[in-house]
Amino acid sequence: MWIDVVTAFPGLVEGPLQYSIVRQAIKKGLATIHAHNLRDYATDKHRVIDGYPFGGGGGMVLKPEPLFNCIEVLKQKSERDGRGTYDAIIYLTPDGELLNQRICNALSLHKNIMMVAGHYKGIDQRVRETYITREISIGDYVISGGEQAATILIDAIVRLIPGVLSNATSALSDSFQDGLLDMPVYTRPAEFRGMRVPEVLLEGNHAKIDAWRDEERLRRTRERRPDLLKGQD
Ligand code: ADE
């Protein structure tokens, strides 16, 4: 999977790529991820990328010219490199479609994705109307920029690419993959400060362990996220 990220702060995107599962996916050649500095596509001599919003109000808006330039250069490069058109050009924004596991699963099948990270008050609407094919929010709260949202989306989809996780840690057993939350987990020691691991996990009866886990997942989901169970009976 190829992912290009357009951003005013490439360091915010590159940092998290250097750790854990995403780093391993890159090392194995299963994901290629590039952050592109919007400032390199500014047209004026001061390399300005933002401006005041028309109509007043606080905050700055990312200007259309550098974004159009950058997106057009990346689209041309993708064609030239043989990757063809982008499967999706995603803008991360709090007014986008709310991210969930179903969307991550679908996006993980893509081969060629561009993500645009907004900052400040967001990006000029004309960029959205011309080039963005999908708008995604990571939750009903506002963070300072789309970069962290992009890295969350990258992590959530890259871990689903076959071969990124081992069978033992398969993404299919994650919370949400079958609409349920995960069960409690324990490791050694079996007793710690007087707290004992549930006996069933120590007895080695795998049918019983599976039944216990299913029950715990249901109980947790009922307690914490009953909304996930609606329509699942
Ligand atoms: N940028 C700022 N807040 C965001 C959110 N909740 N989701 C995606 N991008 C954002």
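Start with Tyr141: one of its backbone N or O atoms sits 2.8 Å from a nitrogen atom of the ligand. That is a polar contact, meaning a pair of N or O atoms within 3.5 Å; within protein, one must be able to donate a hydrogen and the other to accept it, and residues adjacent in sequence count only if both atoms are side-chain atoms. Ile138 does this too, with a backbone N or O atom 3.0 Å from a ligand nitrogen. For Gly139, the distance from a backbone N or O atom to a ligand nitrogen is 3.1 Å.

How much of the ligand does the protein cover? On its own the ligand has 260 Å² of accessible area, and the protein covers 96% of that. Accessible areas come from the Shrake-Rupley method with a 1.4 Å probe; for residues, only the protein chains shown count as cover. The residues around the ligand include Leu92, Thr93, Pro94, Ile143 and Ala149. Near here means one heavy atom of the residue within 4 Å.

A word on the source. This is a predicted model, where local features need pLDDT of at least 70, side-chain atom pairs count only at pLDDT 80 or more, and totals for chains, interfaces and linings use all residues. Residues are numbered from 1 along each chain as its sequence is written, and side-chain values use heavy atoms, with hydrogens and water left out.

Now the overall layout. The protein has seven helices and nine strands. Those are DSSP runs numbered from the N terminus: helices are H or I, at least four residues, and strands are E, at least two. There are two domains, domain 1 (2-158) and domain 2 (173-229), with bounds from an automatic or database domain assignment. Their centres, over C-alpha atoms, are 37 Å apart. The C-alpha atoms fill a box of roughly 70 × 40 × 40 Å along the principal axes.

Next, the inside. Of 233 residues, 42% count as buried. Buried is under 20% relative accessible area, exposed is over 50%, and partly exposed is in between (1.4 Å probe, protein chains only). The largest nonpolar core has 33 residues. Such a core is a set of buried Ala, Val, Leu, Ile, Met, Phe, Trp, Tyr and Cys residues joined through side-chain atoms within 4.5 Å. Ile3, Ile33, Ile90 and Met115 are among those with the most contacts inside this core. Several elements give two or more residues to the core, including strand E1 (2-7), strand E5 (88-98) and helix H6 (146-158). Which gives the most? H6, with seven residues.

Take Ile33. Beyond its neighbours within four places in sequence, Ile33 is in contact (heavy atoms within 4.5 Å) with Ile3, Val5, Leu17, Val22, Ile26, Ile154 and Val158. Another core, of 20 residues, lies apart, with Val6, Leu67, Ile89 and Tyr91 among its members.

On to Asp178, in the loop between H6 and strand E8 (191-192). A polar atom of the Asp178 side chain lies 3.3 Å from the backbone nitrogen of Leu180. Arg102 is 76 residues away from Asp178 in sequence, but 9.9 Å away in space, C-alpha to C-alpha.

Last, some backbone details. Most residues other than glycine have a negative phi, and most peptide bonds are trans. Ser20, in helix H2, has a positive phi near 60 degrees. Arg47 has a positive phi near 55 degrees. And a cis peptide bond joins Arg188 and Pro189, with omega about 0 degrees.
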